[in-house]
Amino acid sequence: MLLILSDRGDVTVDMVLPKIESRGLPVVWWDPGDFPSGGRVTVTFQGDEPSFLLATEDRDLDLGDVTAVWVRRPNAPTAAVNMTDPTQRAHVERVSRFFMAGLWDLLTVPWFPARPPAVDRAHNKLVHLDRAVRLGFTIPETVMTNDPAALVPAYARSDGHLIAKLFDSHRFLLDGQDHRVHTTAVTRRQLTSRHRVQHEPVILQPYVPKAVELRVTVVGDRVFAVEIDARNARAAHDDRRHHDDTRVRYAVHTLPADVERRCVDLVVDLGLAYGAIDLILRPDGEYVFLEIDPNGEWGWLETNTGLPISDAVADWLATAARNAGQSRDAEQGRGAEAGDEVPDRS
């Protein structure tokens, strides 16, 4: 059985779900954001192995039947709406997150893209940039700092063509408004307010001339590379996450064998089964590594190019779940033959 952890409105799961089910794999889709108010979890330690029961509005599930987990876009545990005291809500949500972390740690099955701690580590730009360099990727000169004094020298070394990025680009809501700042060019005028850098680490890199941007999606050992040509899109010129779909061009790209190998090696090195890697192909033919998102979006790439990424995800999940289930059955069978008591997971 596959357990999907994600928001119920996740359209990426909707793309893959029919393909998983067509492969004969039972699926349960649950959002940890429903816990604790909309879901009940009981862990019992009795005998050799613990038991895990999840009760939702729809069903009761023995988590011991789960043979693989796909962690996509789950919400964090959330206190009940009628719990209005901020201190009490913060306490309940902190304890609930801690409880969930322990539960997931005990589910010793394949995880896609990886267990949450491994995903968090891989998402850290300090970590994955270091691994990329060690694997032979070309990267721009990069300064990560909250020291205002580092801004002017970096600007000078870039001949005035400096790019600034946030260290963490996750959604940031303030008064209900999204305040994420995408990749932006640093102007000379902004140098006068460089004191603001001390409040939050920032990433500084020289602007990399581009023939095209590339999003390389790695699923297991399968690689799907897509050109994203945003040169004619004003909003997306510096950062293609500024969507201007009428002007952005998408095309399938064939990577050189050594670059493709490095992409797979990086995903494996970070302990992942999946990775969305951003590269730039310079006009001189050099491939430059920017970053990897261990759970980055890919649905729009399949829509625009027809690449079978959803099939690759479904294949990985179905194979991993089936192999884990067979290994578990074989292990329990050996225990029964030896006269050992087989844990009751019914």
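**Notebook: helices, sheet, cavity, loops**

Exposed means over 50% relative accessible area, buried under 20%, and partly exposed in between, with a 1.4 Å probe and protein chains only.

The model is predicted, so local features need pLDDT of at least 70 and side-chain atom pairs pLDDT 80 or more, while totals for chains, interfaces and linings use all residues. Residues are numbered from 1 along each chain as its sequence is written, and side-chain values use heavy atoms, with hydrogens and water left out.

I listed Lys125, His128, Leu129 and Ala132 as the buried residues of H4. They cover an arc of only 100° around the axis, which puts them on the same side of H4. The arc is taken over the directions from the helix axis to the C-beta atoms. Helices (H or I, at least four residues) and strands (E, at least two) are DSSP runs, numbered from the N terminus.

In helix H3 (residues 116-123) I found Val119, Ala122 and His123 buried. Down the axis of H3 these buried residues fall within an arc of 100°, so they line one face of the helix. The face turned away from them carries the exposed residues Pro117 and Asp120.

Which residues of helix H1 (residues 11-22) are buried? I noted Thr12, Val13, Val16, Leu17 and Ile20. Seen down the axis of H1, they fall within an arc of 125°, so they line one face of the helix. Val11 and Ser22 are exposed on the other side of H1. At the start of H1 a side-chain oxygen of Asp10 comes to within 2.9 Å of the backbone nitrogen of Thr12. Just after H1, Gly24 has a positive phi of about 80°.

I counted two cavities of 30 Å³ or more in the structure. A cavity is a set of points on a 1 Å grid over the protein atoms alone where a 1.4 Å probe fits but cannot get out, and lining residues have an atom within 4 Å of a point. H4, strand E13 (202-206) and strand E18 (287-293) each supply at least two. I sorted the lining residues of this cavity into four nonpolar, two polar and three charged. Ala, Val, Leu, Ile, Met, Phe, Trp, Tyr, Cys and Pro count as nonpolar, Asp, Glu, Lys and Arg as charged, and the others, Gly among them, as polar.

**Entry 4, sheet.** I traced an open sheet of four strands in the order E2-E1-E6-E7, with parallel pairing. Strand E2 (27-30) and strand E7 (111-112) are the edge strands, each pairing on one side only. Two strands pair if DSSP finds at least two bridges between them. Strand E1 (residues 2-5) is joined to E2 by four bridges, and Leu2 has Val27 as its bridge partner in E2.

I checked the backbone angles here. Phe35 and Pro36 are joined by a cis peptide bond with omega about 5°, and Pro36 sits in the loop between E2 and strand E3 (40-45). The peptide bond from Phe112 to Pro113 is cis, with omega near 5°, and Pro113 is in the loop between E7 and H3. Asp159, a residue other than glycine, has a positive phi near 55°. Asp159 lies in the loop between helix H5 (151-157) and strand E9 (162-166), and at 64% relative accessibility Asp159 counts as exposed.

Notes
1 Å grid on protein atoms, 1.4 Å probe; cavity = no way out; pocket = protein on both sides within 12 Å on 5 of 7 lines; lining within 4 Å. Points joined across faces, edges and corners; volume = space filled by probe spheres on them. Polar contact = N/O pair within 3.5 Å; in protein donor to acceptor, adjacent residues only side chain to side chain.
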